Amino acid sequence: MRLLREKEPVILLFVFILIYGFECSKTKCNNCDEQHFCNCSFQHLQHVPEIPLNARGLDLSSNEIKSIRMTDLRPHTELKTLNLHKNKLVFIHEEAFKSQAKLEVLDLSLNKLENLSSCWFKELKSLQQLNLLENPYTTLGPSPLFRFLVNLRTLQIGSLSLKEVHWIGMDELTHLDEMTVVGGSLKVYENGSFQASRPVGLVSLSLQSLFENDPELVYKILQDVSHSELIIKDSIIRTNTSTEPFKASKEGIRCLTFLNTTTTDEAITNLLLTLDGSPLSYIGLEDVHLVGQGWWQKAMFTHYETLHTVYIRNLDIQGFIKFSSMIQLAFLLKNFHKLSVINSMLFVIPRQTTCLLPHIEYLDMSQNLLTDLTIQETLFTGFGQLQNLNTLNVSQNALKSFGVLSSLVANLKRLIHLDVSHNSFVSMPEKCHWPATLRFLNLSNTKLLRLTPCLPSSLTVLDLSENDLKSFHQRFPKLTTLILTGNRFLNLPQGGLFPNLGTLLIQRNALRMFTQKDLSSLKNLRYLEAGTNNFLCSCEFVSFFRNKVDDLVTLRDGRRNYVCDTPFSLRGDAIDSVRLSVFECYMIPAVSTLCSVIILVLIVMAVTCHKLHIIWYLHMTKAWIQAKRKPAVSRSPEELRYDAFVSYSQHDAEWVEEILVPNLENAQPPFALCLHKRDFRPGRWIVDNIIDSIEKSHRTLFVLSEHFVTSEWCRYELDFSHFRIVDEQNDSAVLILLEPIEKETIPKRFCKLRKIMNSRTYLEWPEDEEKRSEFWSNLKAALSRDQ
């Protein structure tokens with residue numbers, strides 16, 4: 001005992017670790033959409049996964065969940081839909097749904113629940129739909145199983161395992177509108193078990209062979225549930241006794257449908273006798289296997305004046321070739337207003353039978369074997385038949401001649417709706433005849449290649465989808481809805497042809513784009529579906545689609561379906577997400593603007609260079625670098641060709657040529673002067689001439705004046721002379737000030753001139769002639785090679 005106490009903390013810790021570890025390892029499911037619906041189906045889950053707390057819907061169908069614990073759903077108080085269909089549930093805690101006060105739909109079908117508990121539903125005050133089908137429970141009741149479901153509207157219960165049904169509190173379900181019961185193995189049924197507090201609108205019963213094996217039990221069930229609309233499915237009704245239970249339904253039944261049922265002409269005849277005088281207005285036969293030869297004579301004197309609608313789909317008649325004419329059903333046919341015979345191997349209705357349908361308004365013969373020949377018999381109007389017909393559906397047959405069809409329906413003076421889709425017309429004649437009342441025409445999937453003026457202009461709705469059409473030229477003044485989905489149209493149809501068109505469907509065509517002009521031409525267009533086309537995402541179309549299209553129409557198929565096909569770089573992108581650059585959208589203006597900017601910049605640069613003498617600086621820099629790279633050479637007096645290189649402005653040429661040159665070159669001894677006008681080598685770059693002349697001269701003589709400081713070439717000569725003074729460390733510059741110059745007026749680019757004038761003595765040309773002899777003496781001394 002002591003040892004147990006010592007180990008107790010360890011055991012508790014172990015249990016805690018197991019529990020905590022299980023919770024931590026809980027599978028997550030994050031596959032939730034914008035409406036907070038989480039789809040966790042087909043994931044091999046063994047427990048309820050962790051989902052967002054704000055989830056409103058949870059689909060856990062087709063997993064391997066075996067139990068719902070008390071805490072599995074506790075955090076998810078916002079759930080409205082919970083689907084646990086097709087799991088392996090064997091246990092649900094009594095308080096598993098305690099936090100689900102907002103739950104509206106609960107599906108527990110196709111599990112392994114052997115017992116049902118009313119405690120599950122105690123807090124489900126908002127539940128409207130409950131599905132408990134196909135669980136292995138064998139008994140319902142005796143307890144008020146559903147008493148807490150005060151707002152339940154749809155209930156589905158039962159399975160092939162169900163043996164007994166007792167009182168389950170159905171009388172407390174005050175809002176129940178629809179109920180489905182599966183009980184093919186039922187042995188015991190307590191009277192009143194399925195009787196609700198008020199008539200249930202729709203009841204579906206799947207009782208299999210009980211109609212033949214235990215008709216009394218079926219009678220008791222029908223006595224409780226037969227109110228307005230009754231569906232009998234997955235059953236066998238072949239004998240007269242199997243139809244006896246329907247006596248319980250005679251008083252209130254209005255709609256009776258047989259689904260996936262096997263029956264005989266004898267059983268149907270006896271059913272008509274049984275329900276004779278009932279308010280039955282609708283009979284449906286879907287997926288019914290009928291055996292017999294069509295002998296209905298016993299029911300010829302029954303009364304079914306209210307039976308106006310018969311719906312037959314997927315009817316399989318065994319030994320159809322032996323079936324007698326439908327003329328024996330004249331007592332029923334004469335009352336029909338709506339008749340549907342769909343996918344039942346129908347190839348003709350003889351004109352004698354058509355004569356028995358004087359009140360027929362709606363006739364559906366789709367998915368059958370009608371041909372151009374047999375439809376002429378079926379729609380024969382020679383004796384005034386079918387004159388009340390307003391809706392005709394002959395889609396999915398073997399019709400090929402559009403002209404034959406139009407000539408037949410032309411005699412149906414009250415025809416409004418015509419569906420001839422899924423036939424193989426391929427072409428149509430140029431002219432056709434139609435009843436003036438025709439408003440709705442369905443020509444989808446008829447392999448049409450071209451339209452002609454054959455179509456009736458009275459139409460308000462025209463469906464031409466899934467053909468091979470490229471153009472539209474006929475005018476339809478009354479058309480409000482046009483469906484062109486799945487064709488080869490390159491553009492929207494012309495607005496002038498459809499002045500009243502309000503809805504246009506043109507998906508899956510060859511549209512590249514549509515413009516404001518296209519939509520504006522369709523003046524009354526309100527709704528457009530043009531997605532899933534190969535859109536060219538040009539700048540104009542993208543801008544129009546994103547900014548203006550909503551002002552013109554409503555895109556009913558959603559903007560996400562409008563996707564780029566070209567250019568290739570945008571293929572698959574939603575048009576709303578496309579962002580095009582300025583150059584992609586406005587290539588010519590952008591290039592023009594760019595070129596203009598470049599030209600403007602170049603002009604600004606040129607002006608700047610001119611104002612700041614950038615070009616001059618560049619030329620000087622280049623020449624200076626070239627001169628700098630030349631090896632320094634000490635020239636002997638014999639190699640110096642000139643005594644002086646004269647640098648002067650062209651405006652001072654008269655003084656230089658008439659006064660300076662004669663006085664120096666005619667002196668004793670004479671001075672050899674280098675003048676650019678006289679001594680520069682022709683054809684040679686002027687800068688090279690300047691450099692070469694300065695290098696071959698003993699001195700450089702600068703004739704300074706106001707004109708000198710504004711001359712570019714004088715600047716070159718001055719800079720090269722300064723370079724020679726600094727780099728070659730010689731005293732080669734001689735300055736003559738021809739006229740007074742204020743140093744402040746010298747341009748900044750003549751900084752070298754300022755430096756030379758500040759560091760060297762210069763000669764001033766005297767205005768007084770008496771002082772000129774002294775000027776010449778000083779100049780000759782400065783130019784002398786002896787210096």
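**Notebook: cysteines, a helix, a sheet**

I looked up Cys595 and found it partly exposed, with a relative accessible area of 38% (buried is under 20%, exposed over 50%, partly exposed in between; 1.4 Å probe, protein chains only). The model is predicted: local features need pLDDT of at least 70, side-chain atom pairs count only at pLDDT 80 or more, and totals for chains, interfaces and linings use all residues. Residues are numbered from 1 along each chain as its sequence is written, and side-chain values use heavy atoms, with hydrogens and water left out.

I then turned to the disulfides (pairs of cysteine sulfur atoms within 2.5 Å) and found four in the structure. Cys32 and Cys38 form one, with sulfur atoms 2.0 Å apart. The torsion about their S-S bond is about 100 degrees, so this disulfide is right-handed. Cys32 is partly exposed at 27%, while Cys38 is buried at 1%.

Cys537 and Cys564 form another, S to S 1.8 Å. Its torsion is about -95 degrees, so I noted it as left-handed. Both Cys537 and Cys564 are buried.

Next I looked at helix H3, residues 215-225, whose buried residues are Leu217, Val218, Ile221, Leu222, Asp224 and Val225 (helices are DSSP runs of H or I, at least four residues; strands are runs of E, at least two; both are numbered from the N terminus). Seen down the axis, these residues fall within an arc of 160 degrees, so they line one face of H3 (the arc is that of the directions from the helix axis to the C-beta atoms).

Last, I checked a sheet: S8, S10 and S12 form an open one in that order, with parallel pairing (strands pair if DSSP finds at least two bridges between them).
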